[in-house]
Amino acid sequence: LNGTIDHNLVNNAQWDGIKLVNSDGTDVTYNTVNNALLSGIALFDSDDSSVSNNTVNNSGTEGIHSGNNDRLTISNNTVNTTGLNFGFEGHGIWHHSSDDATITGNTVNDAEVDGIAVWGLGVSAFGANLIGNNDVFSAGRDGIAAYYSTCVTISNNDDTVGTGVKGSGNNGIGVYGSHGTVVAGNDVDDS
């Protein structure tokens with residue numbers, strides 16, 4: 001059973017702009033979320049889902065927040081300005097506690113914390129975790145970060161696709177307590 005949340009305009013949400021919980025196989029696509037108090041798009045416990053082609057502007061915490069969603073794809077989204085209300089939680093894209101993630105083709109501008117961050121990712125017998133072909137501009141901490149995760153490939157976040165990782169406050173790409181991580185083919189400037 002596949003559900004869809006598509007072509008919606010959400011302004012000034014008093015919590016999350018769009019939120020999914022226990023909704024396996026749902027596609028969240030072609031939505032615009034402006035000025036959410038917390039996350040622009042949040043999803044939890046929703047395996048085999050996707051978040052694609054959305055625009056999130058001016059989120060109080062994360063632009064896209066995902067937790068405990070195995071086999072999730074986050075692709076071709078634009079996230080502009082995060083962490084306006086709670087800066088310590090202001091990642092552009094924050095995905096955690098899951099297996100087999102694909103995060104590709106996203107653009108993140110002005111994240112208060114990390115542009116794209118993953119934490120506690122694992123892999124199934126035939127799965128993988130990929131962060132590739134993304135553009136991150138002006139992240140407060142790291143442009144792309146992997147925390148305590150297994151088998152994450154961070155690749156081709158470069159200027160052949162877009163502009164890569166530019167202007168991060170601490171590190172262009174950070175890997176912390178992660179095993180089997182591959183970092184290759186990225187373009188990092190002014191970090």
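**Exercise 1. Strand E18 and its two partners**

*Solution.* Step 1. The structure is a predicted model, in which local features need a pLDDT of at least 70, side-chain atom pairs count only at pLDDT 80 or more, and totals for chains, interfaces and linings use all residues. Residues are numbered from 1 along each chain as its sequence is written, and side-chain values use heavy atoms, with hydrogens and water left out.

Step 1. Strands (E, at least two residues) and helices (H or I, at least four) are DSSP runs, numbered from the N terminus. Two strands pair if DSSP finds at least two bridges between them. E18 and strand E21 (residues 171-176) meet this criterion, with five bridges in the parallel sense.

Step 2. E18 also runs parallel to strand E15 (residues 116-119), to which four bridges join it. Within this pairing, tryptophan 119 is opposite tyrosine 147 of E18.

Step 3. Buried means under 20% relative accessible area, exposed means over 50%, and partly exposed lies in between (1.4 Å probe, protein chains only).

**Exercise 2. The open sheet**

Give the strand order of the open sheet of eight strands, name its edge strands, and describe the pairing of E14 with E17.

*Solution.* Step 1. Strands of a sheet pair through backbone hydrogen bonds, either parallel or antiparallel. In this open sheet the pairing is parallel and the order is E2-E5-E8-E11-E14-E17-E20-E23.

Step 1. Strand E2 (9-11) and strand E23 (188-189) are the edge strands, each pairing on one side only.

Step 2. Three bridges, in the parallel sense, link strand E14 (residues 107-109) with strand E17 (residues 135-137). Valine 108 stands opposite valine 136 of E17.

**Exercise 3. Two residues compared by accessibility**

Determine whether isoleucine 173 and serine 155 are buried, partly exposed or exposed, and list their contacts.

*Solution.* Step 1. Isoleucine 173 belongs to strand E21. Its relative accessible area is 22%, so isoleucine 173 is partly exposed.

Step 1. Contact means heavy atoms within 4.5 Å. Apart from neighbours within four places in sequence, isoleucine 173 is in contact with Ile144, Ile154, Val183, Asn186 and Val188. Isoleucine 173 and isoleucine 154 are 19 residues apart along the chain, and their C-alpha atoms are separated by 8.6 Å.

Step 2. Serine 155 belongs to strand E19 (residues 152-155). With a relative accessible area of 12%, serine 155 is buried.

Step 3. Apart from neighbours within four places in sequence, the contacts of serine 155 are Leu130, Ile131, Gly132, Asn133, Ala184 and Asn186.

**Exercise 4. Positive phi angles in two loops**

Where do asparagine 53 and asparagine 58 lie, and what is the phi angle of each?

*Solution.* Step 1. Asparagine 53 is placed in the loop between strand E7 (50-52) and strand E8 (55-57). Its phi is positive, about 60 degrees, although asparagine 53 is not a glycine. Asparagine 53 counts as partly exposed because its relative accessibility is 28%.

Step 1. Asparagine 58 is in the loop between E8 and strand E9 (64-67). Its phi is also a positive value, near 60 degrees, in a residue other than glycine. A relative accessibility of 30% makes asparagine 58 partly exposed.

**Exercise 5. The chain as a whole**

How many helices and strands does the chain have, and what percentage of its residues count as buried?

*Solution.* Step 1. The chain has 23 strands and zero helices.

Step 1. Of its 191 residues, 52% count as buried.

Step 2. Along the principal axes, the C-alpha atoms fill a box of roughly 35 × 35 × 30 Å.
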